Amino acid sequence: MRVLRAIGKFIWRSMIIFSFIVNIILVVVVIALAVLLFDIKNNVVTPLVAGLHSSFVGLDESTIDWTIPVRDTIPVQFSLPLQQNTTVVLTEAVPLVVGASISSPTLQLSGVTVFLTLPEGLELPVALDLDVPVDQELDIALDVRAVIPINQTQLHDPINNLRLVFEPLIRGLYNLPDDYNQALALAQAVMNGESVNLLEDNDYSRRPWPGYSLTAGLGYQLGSEPVPPGNLPVNTGIVPQGGIPALDEQLRPDVYTQGGPDTINALAAQSLAAQNVPDWLFDGTYGAQVVRPPDGVEYNVSPAPNDLGILPTPAPGQP
């Protein structure tokens with residue numbers, strides 16, 4: 001019994017000492033974190049989240065400005081109908097031998113042969129009515145410039161969704177106190193019953209991306225040209241999912257008053273189906289639906305140095 005009691009006292013004392021040591025360590029850690037809290041917030045967490053968020057904003061606001069050189073030779077074969085009155089100029093003297101009849105008051109001749117020469121440089125009016133065959137190879141040398149704002153394409157949706165994921169986090173970080181004095185002022189405001197909105201607009205959220213190291217569209221004259229009506233995309237009504245619903249609702253209250261992204265997107269899909277708009281035109285499978293090889297043909301990139309694109313090659317077992 002004495003041995004068991006001694007063992008029990010030893011374990012009990014060891015647990016007390018261990019608990020005391022752990023508590024001291026936790027207190028030291030808490031104090032250290034409290035001292036470094038604002039340093040971690042200002043120098044680690046905020047720059048990290050802001051870097052991600054601003055990059056998504058910048059990606060959405062970017063514009064592709066690139067010139068595509070086109071160098072190729074294309075065959076041209078057709079018949080050109082030519083019907084036109086024109087004037088031709090003789091490049092050399094042209095001798096003519098014609099039969100004629102000569103009649104005058106004193107002379108009557110018939111079956112006379114007349115020898116004439118049309119001089120070089122003589123202009124003759126002629127009427128052309130013929131088909132001119134054209135069979136040539138034309139050299140094409142074009143520099144096609146494309147200026148494409150990213151937020152006017154389907155890339156806007158996933159980029160904007162990533163921005164929405166980090167938007168409430170970065171707004172909250174910038175609206176939280178940066179030091180102990182601001183933290184004390186915030187605590188006093190909360191205790192006084194004042195409303196504190198950590199998701200309100202701030203200097204960062206008003207301009208998260210500073211700009212770009214390259215210009216886009218400089219000297220481009222076709223930016224204001226209207227898109228052909230047949231090429232205009234249809235607004236599907238689908239909205240991005242966003243981030244944390246409780247925080248996202250404060251950023252996009254209009255979306256959640258309509259039932260939230262899932263409800264809006266389900267209704268949009270029903271509306272598109274009623275308009276006979278195929279799913280693959282907006283669900284991300286356009287490439288798989290349209291850009292596909294014919295039966296028995298697979299597309300491979302040719303290793304030839306003069307290859308200008310993707311060439312069809314027969315599949316294994318095909319002639």
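**Close-up views of a predicted model**

The largest share of the lining of the second largest pocket, three residues, is supplied by strand S1, which covers residues 63–89. The coordinates shown in every view belong to a predicted model.

**View 1. Tyr212 lies in the loop between helix H4 (203–206) and helix H5 (245–251).** With residues up to four places away in sequence left out, Tyr212 touches Gly58, Leu59, Glu61 and Ser62. Tyr212 and Ser62 stand 150 residues apart in sequence, and their C-alpha atoms are 8.2 Å apart in space. Tyr212 has a relative accessible area of 41%, and therefore counts as partly exposed, since that class lies between the 20% limit for buried and the 50% limit for exposed residues.

**View 2. The largest pocket contains about 1,200 Å³ of space.** It is lined by 33 residues, of which Gln152, Thr153, Gln154, Pro233 and Val234 are the closest to its centre. Strand S4 (123–149) and helix H2 (156–175) are the elements that give two or more residues to this lining. Helix H2 gives the most, with five residues. By class, the lining of the largest pocket comprises 18 nonpolar, 13 polar and two charged residues.

**View 3. Leu130 is part of strand S4.** Strand S4 is also among the elements that contribute two or more residues to the lining of the largest pocket. Leu80, Pro81 and Leu82 are touched by Leu130, not counting residues up to four places away in sequence. Leu130 and Arg207 are 77 residues apart along the chain, and 68 Å separates their C-alpha atoms. The relative accessibility of Leu130 is 39%, so Leu130 is classed as partly exposed.

**View 4. Asn276 occupies the loop between helix H7 (261–274) and helix H8 (286–290).** The phi angle of Asn276 is near 60°, a positive value in a residue other than glycine. Most residues other than glycine have a negative phi. Asn276 is exposed because its relative accessible area is 68%, and exposed residues are those over 50%.

**View 5. The protein chain, shown for context, comprises eight helices and six strands.** From the N terminus on, these elements follow the order α-β-β-β-β-α-α-α-α-α-α-α-β-β. The C-alpha trace spans about 170 × 60 × 45 Å along its principal axes. The radius of gyration of the protein chain is 42 Å, whereas a compact globule of 319 residues would have a value near 20 Å. Buried residues account for 15% of the 319 residues. The protein chain exposes about 24,200 Å², of which carbon and sulfur atoms supply 62%. Among contacts in the protein chain with a separation of 6 or more, 73% join residues 24 or more positions apart.

How values were computed:
Residues are numbered from 1 along each chain as its sequence is written. This is a predicted model: local features need pLDDT of at least 70, side-chain atom pairs count only at pLDDT 80 or more; totals for chains, interfaces and linings use all residues. Side-chain values use heavy atoms; hydrogens and water are left out. On a 1 Å grid over the protein atoms alone, a cavity is a set of points where a 1.4 Å probe fits but cannot get out, and a pocket is an open set with protein on both sides within 12 Å along at least five of seven lines; lining residues have an atom within 4 Å of a point. Grid points are joined across faces, edges and corners, and a volume is the space filled by probe spheres set on the points. Helices (H or I, at least four residues) and strands (E, at least two) are DSSP runs, numbered from the N terminus. Ala, Val, Leu, Ile, Met, Phe, Trp, Tyr, Cys and Pro count as nonpolar, Asp, Glu, Lys and Arg as charged, and the others, Gly among them, as polar. The radius of gyration is taken over C-alpha atoms; the globule rule is 2.2 Å times the number of residues to the power 0.38. Buried means under 20% relative accessible area, exposed over 50%, partly exposed in between (1.4 Å probe, protein chains only). Contact means heavy atoms within 4.5 Å. Accessible areas come from the Shrake-Rupley method with a 1.4 Å probe; for residues, only the protein chains shown count as cover.
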